[in-house]
Amino acid sequence: MPLFPKPAEGSWTEHYPDLGTGPVSYEDSISPDVYERERDAIFSRTWLNVGRVEQLRRVGSYFTKEIDAARTSIVVVRSSADEVRAFFNICRHRGNKLVWSDYPGEETSGVCRQFTCKYHGWRYNLEGECTFVQQEEEFFDLDKQDYGLAPVQTDVWEGFIFVNLDPTNTTPLREYLGTFAKGLEGYPFHQLTQVHRYRADVGSNWKLFIDAFTEFYHAPVLHAKQSVADQSQKLTTMGYEALAYEIDGPHGMVSTWTGTGVPPKDMRHVKPIEQKARSGLFGPWDAPDIGLDELPPALNPAGHKAWGLDSFLFFPNFMLLIWKPNWVITYHYWPTSYNTHIFEGTCYFAPPKNARERLAQELAVVTFKEYALQDGNTLEATQSMLESRTPVKAFPLNDQEILLRHLHKTAQRYVREHEQQDSRTPAAV
Ligand code: FES
Ligand SMILES: [Fe+2]
């Protein structure tokens, strides 16, 4: 099999004629108006991943999620019935944010038996029912049963907790996640409970950072210094191609080689610390046993022996990277304005069995941070120049940037379709 297989005919992009091949405008990443429309059409209506079930270990475990793009906050809790439930984080008395710790804008987590509002002390149980109203007799015909917390549609796929803030959206989660998710089912995500998290405020539109993680065209250049000098030179000369790209509805994936499993006989292109720790960006070299006898069908679609990583973007903002040596990274991009967002990068490993394994994981985690900083470094520079709007209006994207075309087109389609639907619905008076 060639190192860089191409589709049987034409290019990856030309397999999807709707994507076009011409230069694209980035107006959708610099327009406050477009962002406001994306908030309504995308973040208030699609299934969003907000965490994993391991964050809710026992009955009463909860965490809050600020979803600024949908102008709301939610609380996700393991209920008395041992189910994952979510509620809008608003007290039914006078609208105070119900669950927060020191600062109302900051996310929090913990374990409790009930939620008590800080303002006048109304209480809600873990099923969201209102159980206590301070001086209840002073209200007028108030029935507590009518004042439970407002529920949020919630479902769990392979341990990933999703919410949908639109009560009228009836598309089931699995149907929305499509064939990639179906083809990943059975992957032992639940074994990867050693978790390291990063979170950063980034000065760019949310789509620009996704763009940076759905192409590896930049890798030999932007990340050149991560390799030893002669290897870096070789990579820059050779350039980069992925093994496969696939698109399924609003979602996309790229499958790639990584060089994982460095042959011990040729360590020249591996940094000394990586040789010692037997680890690096691509994870610990020695894959732990996580009970994965064979890869689920969605992984390594090209069936390539040099396969090392598949990266799935579940629209709009959840990216799932599955690495050959049995570990996983997730990325989330939470917009906070048209030109800012919060980036979350989370690394998941099998629990280390000894100090050496722990060190190997730590090296992968800090190397990931270094790469992510390099990726993030270009974003504010790009955002600021895109916002200058002149004199350049459109940008050529190559075949490896197919998922960028797809992401931007998908976001625009959601806005268009939502607004068309809205225009058919008589406005409420
Ligand atoms: S606003 Fe929550 S008890 Fe009054
Ligand atoms: Fe990168």
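A polar contact is taken here as a pair of N or O atoms within 3.5 Å; within protein, one atom must be able to donate a hydrogen and the other to accept it, and residues adjacent in sequence count only if both atoms are side-chain atoms. The structure is a predicted model, in which local features need pLDDT of at least 70 and side-chain atom pairs count only at pLDDT 80 or more, whereas totals for chains, interfaces and linings use all residues. Residues are numbered from 1 along each chain as its sequence is written, and side-chain values use heavy atoms, with hydrogens and water left out.

At the start of helix α3, a side-chain oxygen of asparagine 205 lies within 2.9 Å of the backbone nitrogen of lysine 207. Helices (H or I, at least four residues) and strands (E, at least two) are DSSP runs, numbered from the N terminus. Of the 9 residues of α3 (residues 206–214), 9 are buried, so the helix is largely enclosed by the rest of the structure; buried denotes under 20% relative accessible area, exposed over 50%, and partly exposed in between (1.4 Å probe, protein chains only). Among the buried residues are Trp206, Lys207, Phe209 and Asp211.

The iron ion (ligand 2) is coordinated by His218 (NE2), His223 (NE2) and two contacts from Asp375 (OD and OD), at 2.0 to 2.6 Å. The 4 donor atoms subtend angles of 54 to 142°, which makes the arrangement irregular. Histidine 223, in the loop between α4 (219–222) and α5 (229–238), and aspartate 375, in helix α7 (residues 355–388), link distant parts of the chain, 152 residues apart. Both histidine 223 and aspartate 375 are buried.

Strand β14 (residues 307–314) has 8 of its 8 residues buried, so this strand is largely enclosed by the rest of the structure. Two strands are said to pair if DSSP finds at least two bridges between them. Strand β13 (residues 251–257) pairs with β14 in the antiparallel sense over 6 bridges, with valine 254 opposite serine 311. On β15 (residues 318–323), which pairs antiparallel with β14 over 6 bridges, leucine 321 stands opposite serine 311. A hairpin is formed by β14 and β15, with 3 residues between them.

A further open sheet consists of 3 strands in the order β6-β7-β8, with antiparallel pairing. Its edge strands, β6 (115–116) and β8 (130–132), each pair on one side only.

Definitions and conventions
Chains are lettered from A and ligands numbered from 1 in the order in which they are written. Donors are N, O and S atoms within 2.8 Å of the metal (3.2 Å for Na, K and Ca); water is not among the atoms, so sites may look incomplete. Four donors count as tetrahedral if all angles lie between 85 and 135 degrees; four count as square planar and six as octahedral if opposite donors are over 155 degrees apart and all others between 65 and 115; anything else is irregular.
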